[in-house]
Amino acid sequence: MATRITEKFEFKTDIIVSYDGHEQRIKLRQEPRHYLTFDYTSMNEYQSQWLRALLRYRQDSIVYVPMWHNICHINQFAPSGSKALYIDPKYMFSLRYCDTIVFFNEDNVKQYNDNHLINYIDSNGLIGLKNGLYSDKNVIQDPFIPLLRCIVQPVDNMAFAFSNGAEVSVNFEDILYRPNLNFPTSYMFDKIEDNEFNNIHNLPRYYNGVEVLQESPCWVDDGSITMAVEKNSTKLDNDTGKFLYDLKGIYAVDKNSLEFNLLNRESISNFIRFFHRMSGRLTTFYTPSWINDITLFDDIVQGKNFIYTDFDLVSRYYGKTNIKKALVLFMKDGSSIILDILGFSSEEVNGRKLGKIFLSNSIQNNIYKKDVAMISFFNLCRFDDDVLQIDYETTEVATTRVVLKEVLL
């Protein structure tokens with residue numbers, strides 16, 4: 001049986017960075033490589049021998065792999081002989097590249113049964129089968145699993161606990177077979193499904209014409225969110241004398257590593273969709289830093305085009321840069337407000353030196369300090385890796401960690 005499941009998508013992007021830090025990016029792989037990793041544990045002779053045989057499979061031989069993490073449930077009773085199945089639309093994304101499904105009638109079956117070829121899929125969740133069902137299918141008792149055409153990747157180790165007990169991680173690679181089933185385009189990579197775990201801070205879908213990553217990370221433990229700063233400089237050192245820094249540019253970009261808990265099937269599908277729309281490292285998007293970057297000194301008054309902050313050195317560290325930043329104010333009522341930054345300065349107010357942040361536009365309404373939960377930078381970013389790895393805890397819950405790199409406008 002499979003005890004742990006990992007799914008990976010891998011694009012390929014070539015990036016050329018100019019002297020001043022601006023980037024040119026080109027997409028080298030139109031469709032990402034798709035990998036599945038299953039941790040298998042055998043508990044008897046048959047399972048152990050099957051695993052060893054699987055590892056010896058010819059490299060060019062195709063095997064149908066059950067998408068264990070994409071179990072689908074029908075939402076209407078289907079009688080024996082029926083060629084139609086109805087599913088909840090949230091499962092549609094799981095069927096995007098599959099032309100075969102399998103039903104399991106009980107937990108202790110030793111081989112697949114009820115394999116069915118898909119004839120068509122429509123936008124209402126109707127799956128047409130080429131042959132009729134062999135038995136009645138009930139809503140709760142009879143889930144099915146999509147099958148994906150893959151090849152077995154080479155494996156260099158298998159651990160034996162005893163003569164018949166073995167553990168091994170088997171890697172499968174999607175051969176990128178794409179059946180012609182007229183799969184509804186609305187359920188591919190452009191679809192955004194609303195659910196209780198997506199966009200809990202009501203961020204806009206787009207900002208300045210650029211898409212926004214609306215999913216918020218989770219603080220699971222210490223280090224769930226980490227940050228690095230990349231400076232545009234090169235150290236010149238002759239090893240025996242003085243050293244100098246070649247300052248190519250005055251910018252310093254943030255690189256935030258974030259861990260996301262995807263708590264239902266819609267959230268998992270949406271994150272995969274978003275990564276595909278970005279094509280890995282190719283496309284930029286806006287996202288908050290999700291940390292407390294700015295602390296308000298006082299209320300923000302309507303009609304003003306600046307705010308005061310307790311940190312009086314904002315101009316020293318953020319003023320001398322050519323990176324245009326914005327702020328996102330997370331309000332205690334669950335809403336959010338985005339403000340464009342024009343520049344940074346400092347000012348003495350009632351004998352106290354404060355940081356001063358100038359805004360591109362005047363404040364439309366009073367914003368009271370007591371109503372603000374947190375203020376983060378709202379950065380223009382891209383993924384810093386062409387690989388997205390999803391680790392499944394259950395069929396409905398998964399985690400992923402990504403690194404987001406700030407880019408210059």
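A salt bridge is a side-chain nitrogen of Lys or Arg within 4 Å of a carboxyl oxygen of Asp or Glu. The views below come from a predicted model, in which local features need pLDDT of at least 70 and side-chain atom pairs count only at pLDDT 80 or more, while totals for chains, interfaces and linings use all residues. Residues are numbered from 1 along each chain as its sequence is written, and side-chain values use heavy atoms, with hydrogens and water left out.

**View 1. Glu23, Arg25, Lys255, Arg382 and Asp384 are linked in a network of salt bridges.** Arginine 382 is buried, with a relative accessible area of 3%, whereas aspartate 384 is partly exposed, at 24% (buried means under 20% relative accessible area, exposed over 50%, and partly exposed in between, with a 1.4 Å probe and protein chains only).

**View 2. Lysine 325 meets aspartate 254 in a salt bridge and glutamate 406 in another.** The N to O distance is 3.8 Å for the pair with aspartate 254. Because aspartate 254 lies in strand β16 and lysine 325 in the loop between α3 (314–319) and β19 (326–331), this pair ties together parts that are 71 residues apart in sequence (helices, H or I, of at least four residues, and strands, E, of at least two, are DSSP runs numbered from the N terminus). For lysine 325 and glutamate 406, the N to O distance is 3.0 Å, and glutamate 406 belongs to strand β24 (residues 398–406), so this bridge joins parts that are 81 residues apart in sequence. Lysine 325 is buried, with a relative accessible area of 8%, and glutamate 406 is buried too, at 2%.

**View 3. Phenylalanine 260 and phenylalanine 271 form a tilted aromatic pair.** Their ring centres are 5.0 Å apart, with 50° between the planes (rings of Phe, Tyr and Trp, the last by its six-membered ring, pair if their centres lie within 6.5 Å; planes under 30 degrees apart count as stacked, over 60 as edge-to-face and the rest as tilted). Phenylalanine 260 lies in strand β16 (residues 243–262) and phenylalanine 271 in helix α2 (residues 265–278), so the pair ties together parts that are 11 residues apart in sequence. Both phenylalanine 260 and phenylalanine 271 are buried.

**View 4. The buried residues of helix α1 (residues 45–55) are Ser48, Leu51 and Leu54.** Seen down the axis of α1, these buried residues fall within an arc of 125°, so they line one face of the helix (the arc is that of the directions from the helix axis to the C-beta atoms).
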